[in-house]
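Dear colleague,

I am handing over the structure we spoke about, and I would be grateful if you could look through it alongside the notes below.

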Amino acid sequence: MEQPRRITDSFPRRRRRGPGRPPGRLKKDKKDKDKAQVKVKERDCPRAPSQPPPDPALLEMLRRFDLSWEYGPCTGITRLQRWERAQELGLSPPGPIRDALLEHRDNPDVTYRWVWEGMGG
Amino acid sequence: MFSEQAAPTAQGLLAPPSVEPPTFPRVPVLGYSDCSQPFQLGERSFSRQYAHIYAVRLAGMRPGLERRARSRWGSDVALRKLSELQAGEKCCVVGTLFKAMQLQPSILQEISEEHNLVPQPPLPKYIQPSDELILEDELQRIKLEGAIDVQRLVTGTILAVYGAEQDDGRFLVEDHCFADLPPPLPWNGPSSDRFVLLASGLGLGSVSGEALLSTQLLVDVVTGQLGAEGEQSCAAQITRVILAGNLLSQNTQSRDTINKAKYLTKKTQAASVEAVKMLDEILLQLCTSVPVDVMPGEFDPTNYTLPQQPLHRCMLPLASAYATLRLVTNPYQANLDGVRFLGTSGQNISDIFKYSSMDDYLEILEWTLLAGHISPTAPDTLGCYPFYKSDPFILTECPHVYFCGNAPHFQSKLLQGKEGQRVLLVTVPDFSATQTACLVNLRDLTCQPITFSGFGADSED
């Protein structure tokens, strides 16, 4: 990808994702309707390179878990807390979600609720 | 009762002192266990919104309400969510109530510059004939009309309504029901007379010291230093004292010092410091003799939101040396000698009083028990901690004694439920105004007021 030199080239490089990038966890999504244009992740904490990135299908499943209304509001609590609350209320949330959350426990994209840009959550 | 046992021995006061003064050992505590763990907050995080508490309230109370709806309107009644409603179909919907009140104080209206409104002064009641009721479930809301008393109900109640949706989009209610009394607890109360003294609103630190004599009389009666042998032997049957909030008076809350410059207020002490010292001395006298449970109230130095956390023991250095002093939360739940007590310092009842047409504190207390929730108006108009996992104010078991503090008068009622519940409802009056405390007899769940007053220069009778 040849680009003209920019001032921002001297800034530290973030990891760039390819065009087949999974939707969902990016803050810019709310502004950009066309997801294909978004390339760079805007998270403040870059992921540790030793961890394998979570499966895009997994992130999609977690996002769908966030948006399902049966389990209550999703903002302000971690996904694991929301799963356990749903379990205690007898709403029978799907088991694979919990396994995935525990497996990727130290990955902030997986554990934390889906944060919208501008909202503290 | 208390005074009948005490009266015959009054002649003993005129007799010469005996060589061996009689001693009355206090009845031992049979059993005590504190059940207010749900109200104790450990780490507090305020980064959540209040949507969670409403969601868990509805999810937690929905099964019970659906059972009640089926038993009331037939087991084949259609239970629908608002999104599944069809016009004209008779069905039952379970949801949270919201009352849209025009006079409800709204911070957004106050700070809105385009209105240029002076913030409205606090009113005794904020209800108006134009208020509307709206039912909300997880996804939608619908306006209610029909056989439902709009003035009486408050926001945050979970209820089931039976009726049909009209063509104009409103729901015509034919009947409604609440969660009703929670399941009863087994009774293993004492077999002999044992009393618990309930008092609230001691109001220390107020400008006038008239209530101090009454407070000292109260302490003297409980510790057995007042009266003849009859009164002392009756006082020995008091197993516990519960102080239900507002130990400090509202005067200690003055905020004048905040608006003044710092150099003017350097030497002034907060009014509550002196009041807490007085409280410590009074509690010291009580604790040497009887177990005391101290609940915080609206004007006490603890957090504002419900559930209020216990007062810190370093405020009461003299009294907290004794193990008989227990600093507890508001609301407070405990098993005393086999009898389950549940009570608050009155903020929940007075908040419902402000937003409902119900005038009687005892009626509101009974209504909260029948609605299955201690404080439905929290967090709408009453400050509340943003719970997310479960709502601790939902009543899951029926207490034997249900009290609220800081009521204007003393009232009590024994409520009998259909499943064998027996609840004694007590509204504990404000001691600084009425000088009245309550004695609850644990053996037969009866309640008696006890008034302490001295003859002052301006006493009326």
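What follows is an account of the salt bridges and of the interface between the chains.

Please bear in mind that this is a predicted model. A search of the whole structure, taking all chains together, finds 25 salt bridges, and a few of them are described here individually.

In chain A, Glu84(A) and Arg98(A) form a salt bridge in which the closest N and O atoms are 3.8 Å apart. This pair links distant parts of the chain, since Glu84(A) lies in helix 2 (residues 79–88) and Arg98(A) in helix 3 (residues 95–103), 14 residues apart. Both partners are partly exposed, Glu84(A) with a relative accessible area of 25% and Arg98(A) with one of 29%. Chain A also holds a network of salt bridges that links Glu60(A), Arg63(A) and Arg64(A).

In chain B, the salt bridge between Asp293(B) and Arg240(B) brings the closest N and O atoms to 2.9 Å. It too links distant parts of the chain, with Asp293(B) in strand 9 (residues 292–295) and Arg240(B) in strand 8 (residues 238–244), 53 residues apart. Asp293(B) counts as buried because its relative accessibility is 0%, under the 20% cut-off, and Arg240(B), at 6%, counts as buried as well.

A further salt bridge in chain B joins Lys413(B) to Glu366(B), the closest N and O atoms being 2.7 Å apart. Here Lys413(B) belongs to strand 14 (residues 411–416) and Glu366(B) to helix 9 (residues 361–371), so that the pair links parts of the chain that are distant, 47 residues apart. Lys413(B) is partly exposed, with a relative accessible area of 31%, whereas Glu366(B) counts as buried at 18% relative accessibility.

Turning to the interface, the contact draws on 11 residues from chain A and 13 residues from chain B. The two chains bury about 1100 Å² between them, with 66% of that area on carbon and sulfur atoms. On the side of chain A, the residues that lose the most area to chain B are Trp69(A), Arg85(A) and Leu89(A), which together account for 43% of what that side buries.

One salt bridge is found across the interface of chain A and chain B. Lys389(B) forms a salt bridge with Glu88(A), with the closest N and O atoms 3.5 Å apart. By class, the side of chain A that touches chain B comprises four nonpolar, four polar and three charged residues.

With best regards

Methods:
Residues are numbered from 1 along each chain as its sequence is written. Chains are lettered from A and ligands numbered from 1 in the order in which they are written. This is a predicted model: local features need pLDDT of at least 70, side-chain atom pairs count only at pLDDT 80 or more; totals for chains, interfaces and linings use all residues. Side-chain values use heavy atoms; hydrogens and water are left out. A salt bridge is a side-chain nitrogen of Lys or Arg within 4 Å of a carboxyl oxygen of Asp or Glu. Helices (H or I, at least four residues) and strands (E, at least two) are DSSP runs, numbered from the N terminus. Buried means under 20% relative accessible area, exposed over 50%, partly exposed in between (1.4 Å probe, protein chains only). Contact means heavy atoms within 4.5 Å. Buried area is the accessible area (1.4 Å probe) that two parts lose on being put together, summed over both. Ala, Val, Leu, Ile, Met, Phe, Trp, Tyr, Cys and Pro count as nonpolar, Asp, Glu, Lys and Arg as charged, and the others, Gly among them, as polar.
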